[in-house]
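Hello,

Could you have a look at it and then read on?

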Amino acid sequence: MEATLTVHDLTRRFGRRTALDRVSLAFGTGVTGLLGPNGAGKTTLIRILATTLPPDEGTIRAFGLDPADREQRTALRRRLGYLPQSPGAYPHFTAFELVEYVAILKEIHDRRARHDEVRRVLAEVDLADRATTKVRKLSGGMRQRLALAQALLGDPDLIILDEPTVGLDPEQRMRFRALLSKLGASRTVLLSTHQTEDVTTLCERVVVMKTGSVVFEGTPGGLAAKASGRVWLTTTPPGGTFWRTPDGRYRTLGDRPPAAAPGEPGVEDGYLLLLGAERVTA
């Protein structure tokens with residue numbers, strides 16, 4: 001993998017709490033999933049990579065640009081699309097007006113070209129028919145797709161998405177995955193999520209974070225393999241926490257219960273084990 005984005009010894013503190021502790025990573029073309037529980041440092045890392053928060057220590061290079069330098073940071077932002085965890089919106093704007101406003105901020109000055117670009121990204125997220133609808137009248141899922149449209153303005157080379165599937169129904173999630181897989185064919189896409197299903201279906205690579213550090217970096221298959229020999233199926237309820245499967249058996253993760261048969265490990269199983277979860281719902 002040829003790296004387009006690298007971070008080295010990235011550290012960020014908030015008072016006495018260390019949110020990121022000397023994180024070093026490299027990202028290339030394709031979709032990388034970022035997993036971790038609340039407080040793991042995912043959003044802090046995302047904000048730093050999106051140039052909205054400076055690190056206390058460490059270095060970042062994206063397409064050879066150093067965001068610590070003011071002019072290079074501006075150049076990087078021209079190549080960056082960012083969807084924050086809680087995107088803001090102007091409720092009295094129409095969908096078209098809001099995206100056009102962001103397009104102006106992204107320096108798309110020619111009116112005709114700007115309008116063409118706004119229509120393009122609205123179509124990409126299936127909101128072309130809602131262009132004249134006020135933002136306040138859009139559903140939560142539509143607002144999330146509208147925020148994604150803003151991130152796609154200007155055809156960015158680096159796309160950073162923080163919890164982008166929140167509020168999307170199954171059909172919208174399917175369309176989102178189709179769009180993201182297409183984008184990842186020629187761009188660097190970083191997807192922060194709590195949904196292991198998104199990682200399994202979309203991502204070539206996955207990074208797992210815990211308490212500000214990286215505890216895994218590899219493929220989804222490699223993450224699932226972390227739970228090899230640790231997934232069990234029983235016909236009677238075992239001790240600890242378990243999940244009753246559709247076929248009537250009980251699924252647990254951790255030490256082998258009595259009379260248990262091995263189960264097929266998945267990405268979620270490896271993720272939970274890395275977080276130190278034993279015999280939890282899998």
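An open sheet of four strands is arranged as S11-S12-S10-S13, and its pairing is antiparallel. Strand S11 (243-244) and strand S13 (261-262) have a single partner strand each and stand at the edges, so one side of each has no neighbour in the sheet. Strands here are DSSP runs of E with at least two residues, helices are runs of H or I with at least four, and both are numbered from the N terminus. Two strands count as paired if DSSP finds at least two bridges between them. S11 and strand S12 (residues 250-253) run antiparallel and are joined by two bridges; the partner of Trp243 in S12 is Arg251.

Before going further, a word on the basis of all this. This is a predicted model, in which local features need pLDDT of at least 70 and side-chain atom pairs count only at pLDDT 80 or more, while totals for chains, interfaces and linings use all residues. Residues are numbered from 1 along each chain as its sequence is written, and side-chain values use heavy atoms, with hydrogens and water left out.

There is also an open sheet of six strands, in the order S5-S6-S7-S3-S8-S9, with mixed pairing. At its edges stand strand S5 (80-83) and strand S9 (213-218), each with a single partner strand, so one side of each is left without a neighbour in the sheet. On average, neighbouring strands of this sheet are turned by 15° against each other, direction ignored. Axes are lines fitted to C-alpha atoms (for helices, over the stretch in contact), and angles run from 0 to 180 degrees between N-to-C directions. Four bridges pair S5 with strand S6 (residues 158-162) in the parallel sense, and Gly81 stands opposite Ile159 in S6.

Helix H6 (residues 170-184) lies across strand S3 (30-35), S6 and strand S7 (188-192), at about 145° to S7. Helix H9 (residues 267-274) lies across S3, strand S8 (205-210) and S9, and runs at about 30° to S8.

Now to the pockets and cavities. The search uses a 1 Å grid over the protein atoms alone: a cavity is a set of points where a 1.4 Å probe fits but cannot get out, a pocket is an open set with protein on both sides within 12 Å along at least five of seven lines, and lining residues have an atom within 4 Å of a point. Grid points are joined across faces, edges and corners, and a volume is the space filled by probe spheres set on the points.

The largest pocket has a volume of about 750 Å³. It is lined by 27 residues, and those closest to its centre are Leu80, Tyr82, Val102, Leu105 and Lys106. Helix H2 (70-77), S5, helix H3 (95-105) and helix H5 (140-151) are the elements that give two or more residues to this lining. By type, the lining of the largest pocket has 16 nonpolar, seven polar and four charged residues. Here Ala, Val, Leu, Ile, Met, Phe, Trp, Tyr, Cys and Pro count as nonpolar, Asp, Glu, Lys and Arg as charged, and the others, Gly among them, as polar.

The second largest pocket holds about 220 Å³. Among its 14 lining residues, Pro54, Pro55, Ile60, Pro67 and Ala68 lie nearest the centre, and strand S4 (residues 57-62) gives the most to the lining, with four residues.

The whole structure has two cavities of 30 Å³ or more. About 80 Å³ lies in the largest cavity, whose lining includes Glu124, Asp126, Arg145 and Phe176. H6 provides the largest share of that lining, four residues. The second largest cavity, of about 40 Å³, is lined by residues including Arg120, Glu124, Ile159 and Arg187; its lining divides into four nonpolar, no polar and four charged.

Finally, two threonines to look at. Thr51, in the loop between helix H1 (42-49) and S4, has a positive phi near 65° without being a glycine. Thr51 is buried (under 20% relative accessible area, with a 1.4 Å probe and protein chains only; over 50% is exposed and in between is partly exposed), at 10%. Thr211, in the loop between S8 and S9, also has a positive phi, of about 45°, but at 62% relative accessibility Thr211 counts as exposed.

Best wishes

Note on methods:
Contact means heavy atoms within 4.5 Å.
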